[in-house]
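Visitor: I would like to learn how to read a few features of this model. Please take them in turn.

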Amino acid sequence: MKINEILAIILVIAATAGVVLGAYAYENYRKGRVYDLELIARAPENGNWYPKKIRVSEGEEVRILIRNIDTVTHGFIIPDFSVSIDELKAGGAKIIKFTPDKKGTFAFMCTVWCSENHLQMRGVIIVE
């Protein structure tokens, strides 16, 4: 192999690794600046909310990125904190912000009929 071919291979590998590491670093930077937690929405037969249990601190603002990785529309509500998203279309994402003002365990749920198991699409937020 010629030296030019070896250098070309090294440069291609370095460029590929650089792009992957750069994207990973940017996502970590963005996550820390834009939202605190990520919540994934899927119909119950496809996995339900992930995670189903979230822990937050009383009196501290919470920013949750809610991503719908499903093929149907979902909604979101935390009734005890008057937080909601009317509609989150397939592939969509939205950020909710709120400051929990009381301790306890509070339900969150889907508000758009997403499957015959829709009523099982629930989770809890634990405010400590």
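Guide: Buried means under 20% relative accessible area, exposed over 50%, and partly exposed in between, with a 1.4 Å probe and protein chains only. This is a predicted model, where local features need pLDDT of at least 70, side-chain atom pairs count only at pLDDT 80 or more, and totals for chains, interfaces and linings use all residues. Residues are numbered from 1 along each chain as its sequence is written, and side-chain values use heavy atoms, leaving out hydrogens and water.

Visitor: Is His 118 buried or exposed?

Guide: His 118 has a relative accessible area of 8%, so it counts as buried. It lies in the loop between S7 and S8; strands are DSSP runs (E, at least two residues), numbered from the N terminus. Contact means heavy atoms within 4.5 Å. Beyond four places in sequence, His 118 is in contact with Cys 110, Thr 111, Val 112 and Trp 113.

Visitor: Which strands form the open sheet, and in what order?

Guide: Strands of a sheet pair through backbone hydrogen bonds, either parallel or antiparallel. Two strands count as paired if DSSP finds at least two bridges between them. Here the order is S1-S3-S6, with mixed pairing. S1 and S6 are the edges, each with a single partner strand, so one side of each has no neighbour in the sheet. S1 and S3 run parallel, joined by 5 bridges, and Leu 39 stands opposite Ile 66 in S3.

Key:
Helix = DSSP H or I, 4+ residues; strand = E, 2+ residues; numbered from the N terminus.
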